[in-house]
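Colleague: I would like to learn how to read the features of a model such as this one, step by step. Please show me the structure, and then let us go through it together.

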Amino acid sequence: MSSAQTPVAVTSRLREAALDALAVLLPVSCAGCDGEDRALCADCRLLLAPRPFRRSLDDGTPVWSALSYDGVVRRVILGFKEQGRTDVARALSVALGGAVSHAGAQAAGELELAVPPTSRASFRRRGYDPVRVLARVAGLPRPVRALGNLHERASQKTLDREQRAVNLAGSMIASRSLEGRRFLVLDDVLTTGATLSEAIRALRGGGAEVVAAAVVAATPRRSLGLS
């Protein structure tokens, strides 16, 4: 082995060779750019490196986001959520972990994790809860099942900000008394903030203190009214 070849360089080459061999048996395209032979090419993986920034919901609750929800990031997240691309979960989990680290660093004391409950229709369609999968892959503590759905709600995809708020209002409830417990809420994408706001309302309704939220990505569009 040449002295110029560090152990890291050798490991990287071996990993690339293994991926090349796997691509022959199981052809795959990059979830970010459709490039051949990789679930995520090197360039797209680099764009998923966490760069946490802070937003605030209307009630002032801080939300830490790891990425901006556009371009490659948006394509990869949609692939994971809507096309069964669980092969990108590890890269997205690193982003979520980065957001959680920043959110937790701002809060003194121990925090439990909670996630908004997925609808039955969404779970049947996907076969998994995207946020819980990312939390598990990231090695985070298991989110508490603190929230439930009071009623089914329409898909948020085609709704504007006001319609999303109306669609979600009163749809969640704390599944038990949460008095004296402190939470950090996780989600995948922050768009209008309606989902997080409803989850936080329900948690606080159960007696919990919600310190902050953390998401993989947040929309860059200022027109949504987020500060």
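Colleague: Which residue caps the N-terminal end of α6?

Modeller: Before the answer, a word on the source: this is a predicted model, in which local features need pLDDT of at least 70 and side-chain atom pairs count only at pLDDT 80 or more, while totals for chains, interfaces and linings use all residues. Residues are numbered from 1 along each chain as its sequence is written, and side-chain values use heavy atoms, with hydrogens and water left out. As for the elements, helices (H or I, at least four residues) and strands (E, at least two) are DSSP runs, numbered from the N terminus. The cap of α6 is D129, with a side-chain oxygen placed 3.2 Å from the backbone nitrogen of V131. After the helix comes G139, whose phi is positive, near 80°.

Colleague: How many of the residues of α6 are buried, and which are they?

Modeller: Buried means under 20% relative accessible area, exposed means over 50%, and partly exposed lies in between, with a 1.4 Å probe and protein chains only. By that rule, six of the eight residues in α6 (residues 130–137) are buried, and the helix is mostly covered; the six are P130, V131, R132, V133, L134 and A135. Contact means heavy atoms within 4.5 Å, and the cover over these buried residues includes α3 (71–82), α4 (89–105), α5 (120–126), β6 (182–190) and β7 (209–218).

Colleague: What does K81 touch, and is K81 buried or exposed?

Modeller: K81 lies in helix α3 and, at 17% relative accessibility, counts as buried. Leaving aside residues up to four places away in sequence, K81 touches R126, Y128, P130 and D188. A polar contact is a pair of N or O atoms within 3.5 Å; within protein, one must be able to donate a hydrogen and the other to accept it, and residues adjacent in sequence count only if both atoms are side-chain atoms.

Colleague: How should I read a sheet, and what is the order of the strands in the open sheet here?

Modeller: Strands of a sheet pair through backbone hydrogen bonds, either parallel or antiparallel. For the assignment, two strands pair if DSSP finds at least two bridges between them. The open sheet has five strands in the order β1-β2-β7-β6-β3, with mixed pairing. Each of β1 (53–56) and β3 (112–114) stands at an edge with a single partner strand, so one side of each is left without a neighbour in the sheet. On average, neighbouring strands of this sheet are turned by 30° against each other, direction ignored.

Colleague: Which way does β2 run against β1 and against β7?

Modeller: β1 and β2 (residues 62–68) run antiparallel and are joined by four bridges, with W64 as the bridge partner of R54 and V63 as that of R55. Five residues lie between the strands of this hairpin, where G60 takes a positive phi near 95°. By contrast, β2 and β7 run parallel, joined by five bridges, and L67 has A217 as its bridge partner in β7. Six of the seven residues of β2 are buried, so this strand is largely enclosed by the rest of the structure.

Colleague: Where is V144 found, and what does V144 touch?

Modeller: V144 is found in the loop between α6 and β4 (147–149), and at 16% relative accessibility V144 counts as buried. Not counting residues up to four places away in sequence, V144 touches E112, L113, A114, R132, R181 and F183. V144 and A114 are 30 residues apart in sequence, yet 5.3 Å apart in space, C-alpha to C-alpha.

Colleague: How many disulfides does a search of the whole structure find?

Modeller: A disulfide is a pair of cysteine sulfur atoms within 2.5 Å, and the search finds zero. The sulfur of C33 is 3.7 Å from the closest cysteine sulfur, in C30, which is too far for a bond; likewise, the sulfur of C44 is 3.5 Å from that of C41, its closest, also too far for a bond. C33 is partly exposed, with a relative accessible area of 40%, whereas C44 counts as buried at 3% relative accessibility.

Key:
Axes fitted to C-alpha atoms, helices over the stretch in contact; angles between N-to-C directions.
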